[in-house]
Amino acid sequence: MKYLRLFGAFLRASIVGEAAYRINFFIQLFESLLSLGISLAGLAVIFSHADTLGGWRPDEVLALVGVYFLVGGVIGLVIQPGMEQLIESVRNGTLDFTLTKPEDAQFIVSIRRVEIWKLMDIVLGLGVLAAALVRLGQEIGVLQAAEFVGMLLAGAVIIYSFWLILATLSFWFVRVENILVIFQSMYEAGRWPVSLYPGWLRYGLTFIVPVAFATTVPAEALTGRLGWETMLGAVAMALVLLVVSRVFWRAGLRRYSGASA
Amino acid sequence: MTPPVVHIRDLRKVYVVSQQQAGARAALQGLIHRRKVEVPAVDGISFDVAAGEIVGFLGPNGAGKTTTLKILSGLLHPTSGEATVLGYAPWKRERSFLRQMTLVMGQRNQLIWDIPAINSFELNRVIYRIPVEDYRRTVAELTDLLDLGPLLHKPVRNLSLGERMKCEIAAALLHRPKVVFLDEPTIGLDVTMQRRIRSFIADYKRRFEATILLTSHYMTDVETLSRRVVVIHHGRLLFDGDLSILVRKFTSHKTIVVQLGDCQADLSSYGDVVSCEDGRTTLRVPKAETAHVTERLLADLPVIDLLVEDPPIEEVIERVFAQGAQ
């Protein structure tokens, strides 16, 4: 409850800030539509030559594209801006102000910047997802929907923890933006089913840079092709990464305050 | 007797810094192997600050002032020694401690650049869980004291440095902290704005009975705000006590200004002639001889006016630092 109030306060501040740059709305609209257009065109080209992609039917891949936009929107909405600002504030020292506040500093740095225009990606993602489901003509049971939402949440937690771990590296190495750029391009790989990729890359995208959990796994849950082992694995992975990222954060703070030196 | 609000004993903070050599080749070598050097920023200082006291914390750049303030506000972990604020160990950053203190840094901003200050205030209201009634009253009071009225609704990026600083200070005081750490709050501001902020700090202290530790480059800040000063240099304590004692202790000379008709007379036999303008000669004489020289001047010359002064406080501080460096 108190975290919701805090989030609400930061959200209001972000809205006030963004409203001053209305042009960004149109830039984001253009960017989102362009990105979606490219994805859909890619699908059209691929499925004019093949019936399935890595074992996925066209409308299933379309659902995946929807999830890709949805999760990408969440990353762009709150995770990425917060983490970028964390790195920046470690460098210029404004993190000091966060640390002197009587609230959990990790929570504050994680939610303090919201790029509201990225909601567009979320809306587009939901739209594509809905279209895909209609075309699949499949009945979505309560259980399946719950699985989907659960996997989506697990995916979001995994991605958040992963970003936080990367961003906390800035406590040791001052310039780490490049790592974030690498992650961003790895995430692009999540538009396609990971089963499409050769074994080593599939492992990499699942366990090293856990993109698969954010996109492929929720899409699998929705299209009813997910085994309980994977589901359990995703939840376990989310919990483990959440704990690990907290450990990284605390170690980073100890480093920042010189307690470990 | 109430315990001191700030208590420091034998405080040390050593930074481990990796040294970078000049030149590209050395820089490349540095990628593989870095030489680590220990730099003591604070090297065994002790002092206490009582409740409701304002203490001026002086020292040249790199003396360890900011490091000390950061330890006291919980940002840095001391290497050794004791430090408590309101009875808390600051680096544990307990919420009940953080709620009662604030840190203002003249060189850094906590206000969000793109939004009006009032929106950043609102954020602090939620973070500090200030009841709406109290918040409104405090904002009104601070607006009144600092003349914030026209500033609060403009985006912070459109404010001047001085206007921004006023808003920064107000934002840091919304929760009415009992302990206030001010690190160079007047840096870069013009004289009028400096005065404004100084009188505000004095008002705040009176109204809220706050304990204030203030660092500054500007001696006037310290002179007008605090009677007690703590001087550190190279991480060590040089002086802790009344400002007037500091001046007395470290001044071996006085300044005598003699008003004569013109600058013709040679006064070098009375003391060092510092300058002469419009018949006003400034002499520097050893403190012990002041009375004697004054007497001679009055007896020998057609003196229109005569003034005996302590040297400016900047000069005194310079001497303190020069002695500390030895």
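How many disulfides does a search of the whole structure find over all chains?

Mentor: The model is predicted, and the search finds one disulfide over all chains. The two partners are Cys263(B) and Cys276(B), with an S to S distance of 1.9 Å. The angle about the S-S bond is -90 degrees, which makes this link left-handed. Distant parts of the chain are joined here, 13 residues apart: Cys263(B) sits in the loop between strand S10 (253–259) and strand S11 (272–277) of chain B, while Cys276(B) belongs to strand S11 itself. Cys263(B) is partly exposed at 36% relative accessibility, and Cys276(B) is partly exposed as well, at 30%. Another cysteine, Cys167(B), has 0% relative accessibility and therefore counts as buried, the limit being under 20%.

Now the sheet. Chain B has an open sheet of six strands in the order S5-S6-S7-S3-S8-S9, with mixed pairing. Strand S5 (101–105) and strand S9 (236–242) of chain B are at the edges; each has a single partner strand, so one side of each lacks a neighbour in the sheet. On average, neighbouring strands are turned by 15 degrees against each other, direction ignored. Within this sheet, S3 (residues 54–58) and S8 (residues 228–233) of chain B pair in the parallel sense over four bridges, and Phe57(B) stands opposite Val230(B) in S8(B).

Helix H6 (residues 161–173) of chain B lies across S5 and S6 of chain B, at about 165 degrees to S5(B).

Conventions: Residues are numbered from 1 along each chain as its sequence is written. Chains are lettered from A and ligands numbered from 1 in the order in which they are written. This is a predicted model: local features need pLDDT of at least 70, side-chain atom pairs count only at pLDDT 80 or more; totals for chains, interfaces and linings use all residues. Side-chain values use heavy atoms; hydrogens and water are left out. Two strands pair if DSSP finds at least two bridges between them. Helices (H or I, at least four residues) and strands (E, at least two) are DSSP runs, numbered from the N terminus. Axes are lines fitted to C-alpha atoms, for helices over the stretch in contact, and angles run from 0 to 180 degrees between N-to-C directions. Contact means heavy atoms within 4.5 Å. A disulfide is a pair of cysteine sulfur atoms within 2.5 Å. Buried means under 20% relative accessible area, exposed over 50%, partly exposed in between (1.4 Å probe, protein chains only).
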